[in-house]
Number of protein chains: 2
Amino acid sequence: MRMLDLILKKRSKGEHSPQELSFIAASAAAGSVPDYQIASWLMAAFLNGMTERETVALTRAMAASGRRLSLRGIGKKTVDKHSTGGVGDGISLALAPAVAACGVCVPMMSGRGLGHTGGTLDKLESIAGMKVRLDVPRIEAQLKSIGVCMFGQSEDLNPADRKLYALRDATATVESMPLIVASILSKKVAEDLDALVLDIKCGSGAFLSRQADAVELGRRLVKTAGGLGIRCVGLVTSMDQPLGRAVGNASEMRQAIDVLRGDASCGDYVELVRVLGGWMVHLAGKAKGWEEGARRIDRAISSGEALAALKAMIAGQGGDAAVIEDPKKLLPDSPHARDVVSPSDGYVVKLDARAIGGAAVALGAGRGRMEDAIEFGAGIRLEKKLGDPVRKGEAVARLFAEAPEKLDAGQAAFQRALAIGRRKVPAKPLIRKVIR
Amino acid sequence: MRMLDLILKKRSKGEHSPQELSFIAASAAAGSVPDYQIASWLMAAFLNGMTERETVALTRAMAASGRRLSLRGIGKKTVDKHSTGGVGDGISLALAPAVAACGVCVPMMSGRGLGHTGGTLDKLESIAGMKVRLDVPRIEAQLKSIGVCMFGQSEDLNPADRKLYALRDATATVESMPLIVASILSKKVAEDLDALVLDIKCGSGAFLSRQADAVELGRRLVKTAGGLGIRCVGLVTSMDQPLGRAVGNASEMRQAIDVLRGDASCGDYVELVRVLGGWMVHLAGKAKGWEEGARRIDRAISSGEALAALKAMIAGQGGDAAVIEDPKKLLPDSPHARDVVSPSDGYVVKLDARAIGGAAVALGAGRGRMEDAIEFGAGIRLEKKLGDPVRKGEAVARLFAEAPEKLDAGQAAFQRALAIGRRKVPAKPLIRKVIR
């Protein structure tokens, strides 16, 4: 098979066979075809599209380009959640242990933060000693013993995706539905999943701001996952303001511990853990519907089993499990702090998630480029959320940074995210649509 | 300027500014942008097209990527001919000196043979000592003293075209009208031309077999050349059988000498030299119309001035000028020869140019890959042409090769090119269309 013929075929709107897509994925992973040929094919695929059959075959081929978890002998259903990324979206940190505490195996391959969105791996690493670069045998062993593991995409898992993603990023071919779907789902196929719950963020802080686009992506993901033999449900959820009250790394890790301890002050965060977790438990066959699943999540939290699962996971991955008992001390905020106060009496009518993500990056909590270091204690605590009443001079948020000068940039960015109005604006529902 | 933004623009069907196209051409020439980004842009340009304004700007930018001839002080109009490539198309070898003999400056940048089409440079190199790799000062000096020079595309002339062409060839983006037009005309802009005559081959031996495609390419070339300030006429000409009677390197060089000596036995070859030359002389302002120009070509040949110009050019480029007096001896055919005879009485109804080009390659006269060596004496002499009557057992062609076993492959290929019929088939006109 020659790559030139495959480029020609896609350029001419042809449909690839599974063998052809295997050749492309394997060649990308092995580096046996020049980057310029892969890049040219990516642009042809971007502009001429791919059929559903091609998307399923490319996803399988990408997953097959590296090692895969082998979890069949574990005696439990394996279920993961995937989020398309938002601000303050540290949901996984509480969700994965809670679902595992309901008797489900949760292998969660996670990413790092880039731009205005944070990354689960960075949040985990705010715990001293915590390791997220794990090899396949260790991941499998921990899933057998504890039922939950959170880890990064290692060298040997799905090398085709890493190569294709890097080239797409450099050739303006990221926003292609079939390529997005294949990239997301090939990682899930490599996790050997039975079921998958998708959290498709929609709103100012999400990469898709229009609901129609989020629904379209959700439909395609659910359909292709079905073609791959993975039970899948997609939830389109609001990302107009950050989830919960923390935006940062140590603070979001701390918030997850607080939630699993029963703290209900982060209403939207807790609600999303219940709904996503409810669906995961249901798809694993441990509850008749998502509502029953959500009640099982409630019980796992109130009984302390979810917190115990988080503690076991932290210990299993080399982290200091004492954070569970004393999160304030072991996951401290940065030393320099400043309040952003309301300029008038009224209601919070805008708390733009993307701009707040940008403020967190300015404070040192995120990355502009993948090489940048992050400061675990930097970030934002939201004292008010959308619709809350506020008085002039009252704190809307508290900013934290390692260096006082970063507070200026963070404050300027936060102020652009904020608007106070005279009248309360009705909130959009958190769960906008369920796609099955 | 960032290449990523330019890829995004073309991907989204935007129109590039001249500055953006300059950036692309200069980056390709300098290697300052990764090949995969250029390749991705090429596919986007292939699929989304380019406007006339973009094509003009890209052509200028490519020409500006390297050195250019400077012929303004020469006191003559500079005119070139460009052929899209055919079989037995050694026209330039006689045409360029004949036009130069009419007082026109003819800088002719030529190529090498690949696949079934031969290359002018290879034919020139069948003359002992002949040099075609010349630097810019030497080309300019010869054009000033003799008025004609035939040379290859050197390292410093149009490096952007060499880079883009190599990438197009490897990424299935060759057959794009704007990219073809820019590649052809950027070489002409670098030649500092006043006028250009295009010979757009059409038929089985041409890269465009359909007349509509040839006319479309001709129209675009003429229009874009106009936008570049070059007077341009395009002739769509037949390439259903090889031109003239020789297919090979030494033999085509010899044929050119014979034609300039007054040999009229190659009717279609002589006719094309008259018409193309007539237009070149006319566009240079040396004749009122192409017919008057053709009569000036006739006189340049009959007076011996055209042959003298060829001799001066050969001597100027280090070649053995004695070939002019004794072409049979100094441009010999290969020693092993075989006739292909007619299987029946009748008329030649098929003499497929592409297949005959393939037979010449099999005999050793051409290249399958750019690295291959060629044998100057190998090739084919056509004893009959389309429409000629032939008797059973009479020779239709004589094949020449350095090794007798190559005659078998050449003969088999030639026989597939040939058909003898009972009734004479009317010939298509040599000049099918004139595009101004």
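Which residue with a positive phi follows α7(B)? In this predicted model, that residue is B:Gly147, with a phi near 90°.

Helix α7 of chain B runs over residues 136–145, and its buried residues are B:Val136, B:Ile139, B:Glu140, B:Gln142 and B:Leu143. These five span an arc of only 165° around the axis, so they end up on the same side of α7(B). As for what sits over them, the cover includes the strands β2 (106–110) and β3 (148–152), along with helix α14, of chain B.

Helix α14 of chain B (residues 305–316) turns up again in a helix pair, this time with helix α5 of chain B (residues 91–100). The two pack with their axes 8 Å apart, at an angle of about 110°. Since angles of 65 to 115 degrees count as roughly perpendicular, that is the label that α5(B) gets relative to α14(B). On the α5(B) side, the contact is made by B:Leu93, B:Pro97 and B:Ala98, while α14(B) brings in B:Ala306, B:Ala309 and B:Leu310. Sorted by class, the contact comes out as six nonpolar residues, with no polar and no charged ones.

Over in chain A, the aromatic side of things is quickly told. Over all chains, the structure holds one aromatic pair, formed by A:Trp279 and A:Trp290. The rings are 6.5 Å apart centre to centre, with 20° between the planes, and the pair is stacked. It links distant parts of the chain: A:Trp279 belongs to helix α12 of chain A (residues 267–283) and A:Trp290 to helix α13 of chain A (residues 290–302), 11 residues apart. A:Trp290, at 26%, counts as partly exposed.

Technical notes. Residues numbered from 1 in each chain as written. Chains lettered and ligands numbered in written order. Predicted model: local features only at pLDDT ≥ 70, side-chain atom pairs only at ≥ 80, totals over all residues. Heavy atoms only, no water. Axes fitted to C-alpha atoms, helices over the stretch in contact; angles between N-to-C directions. Helix = DSSP H or I, 4+ residues; strand = E, 2+ residues; numbered from the N terminus. Parallel < 35°, antiparallel > 145°, perpendicular 65-115°, else oblique. Contact = heavy atoms within 4.5 Å. Nonpolar A, V, L, I, M, F, W, Y, C, P; charged D, E, K, R; others polar. Buried < 20%, exposed > 50% of the residue type's maximum accessible area, 1.4 Å probe, protein only. Arc of directions from axis to C-beta. Phe/Tyr/Trp six-rings, centres within 6.5 Å; stacked < 30°, edge-to-face > 60°.
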